Amino acid sequence: MMRKKLIDTIKEITDKYHYTEIGKDHHIRGKYFPNNLVLMTISYLMNRNHLIIGDPGWGKTTLAQILSSRLSGTPFDS
């Protein structure tokens with residue numbers, strides 16, 4: 001049950017909000033998994049910090065907010 005919820009959550013975030021370069025991510029058993037989003041999810045579930053670096057304006061903070069909102073069940077106001 002939890003595995004399906006996580007896969008569905010990652011798919012939903014990927015479809016609605018997340019962009020990554022083609023060829024940088026992986027498919028496992030026919031399902032698409034963006035590396036950085038999966039690592040962020042694991043960090044969140046393990047209650048660990050995750051450092052996201054990059055140029056301003058690429059949605060680092062927004063992605064972190066969306067992920068934590070989606071996994072915690074609290075509303076996200078964009």
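Is Arg70 buried, partly exposed or exposed? At 29% relative accessibility, Arg70 counts as partly exposed; here buried means under 20% relative accessible area, exposed means over 50%, and partly exposed lies in between, with a 1.4 Å probe and protein chains only.

## Basis of the report

This is a predicted model, in which local features need pLDDT of at least 70 and side-chain atom pairs count only at pLDDT 80 or more, while totals for chains, interfaces and linings use all residues. Residues are numbered from 1 along each chain as its sequence is written, and side-chain values use heavy atoms, with hydrogens and water left out.

## Overall architecture

The protein chain contains three helices and two strands. Helices (H or I, at least four residues) and strands (E, at least two) are DSSP runs, numbered from the N terminus. Along the sequence, these elements follow the pattern α-β-β-α-α.

Of the 78 residues in the protein chain, 24% are buried. The protein chain exposes about 6400 Å², and carbon and sulfur atoms supply 55% of this area. Accessible areas come from the Shrake-Rupley method with a 1.4 Å probe; for residues, only the protein chains shown count as cover. Among contacts with a separation of 6 or more, 47% are between residues 24 or more positions apart. A contact means heavy atoms within 4.5 Å.

## Helix H1

Helix H1 has 15 residues and reaches 21 Å from its first C-alpha to its last, close to the 21 Å expected at 1.5 Å a residue. The expected span of a helix is 1.5 Å times one less than its number of residues.

Which residues of H1 are buried? They are Leu6, Thr9, Ile10, Ile13 and Thr14. These residues cover an arc of only 130 degrees around the axis, which puts them on the same side of H1. The arc is that of the directions from the helix axis to the C-beta atoms. On the other side of H1, Lys4, Asp15 and Lys16 are exposed.

## Helix H2

In H2, the buried residues are Leu37, Met40, Thr41 and Ser43. They lie on the same side of H2, because they cover an arc of only 160 degrees around the axis. The buried residues of H2 pack against H1 and H3.

Two of these residues can be examined individually. Thr41 counts as buried at 4% relative accessibility, and Thr41 touches Leu6, Ile10, Leu67 and Leu71, not counting residues up to four places away in sequence. Ser43 is also buried, with a relative accessible area of 12%. Leaving aside neighbours within four places in sequence, Ser43 is in contact with Arg48, Asn49 and His50. Just after H2, Asn47 takes a positive phi of about 55 degrees.

## A nonpolar surface patch

Which residues form a nonpolar patch on the surface? Leu39, Ile42 and Met46 do so, with about 290 Å² of accessible area together. Patches are made of residues with over 30% relative accessible area and no salt bridge; like charges are joined within 9 Å, and nonpolar side chains (Val, Leu, Ile, Met, Phe, Trp, Tyr) within 5 Å.

Leu39 is located in helix H2 (residues 35-45) and counts as partly exposed at 48% relative accessibility. Ile42 also lies in helix H2, and at 40% relative accessibility Ile42 counts as partly exposed. The C-alpha atoms of Ile42 and Leu6 are separated by 10.0 Å, although these residues are 36 residues apart along the chain.

## Helix H3

The 13 residues of H3 should span 18 Å at 1.5 Å a residue, and the end C-alpha atoms of H3 are 18 Å apart, which agrees. Leu63, Ile66, Leu67, Ser69 and Leu71 are buried in H3. The buried residues of H3 pack against H1 and H2. Just after H3, Gly73 takes a positive phi of about 90 degrees.

## The salt bridge

A salt bridge is a side-chain nitrogen of Lys or Arg within 4 Å of a carboxyl oxygen of Asp or Glu. By this rule, the count comes to one salt bridge. The side chains of Arg70 and Glu12 meet in a salt bridge, with an N to O distance of 2.8 Å. Arg70 lies in helix H3 (residues 60-72) and Glu12 in helix H1 (residues 2-16), so the pair ties together parts that are 58 residues apart in sequence. Glu12 is partly exposed, with a relative accessible area of 26%.
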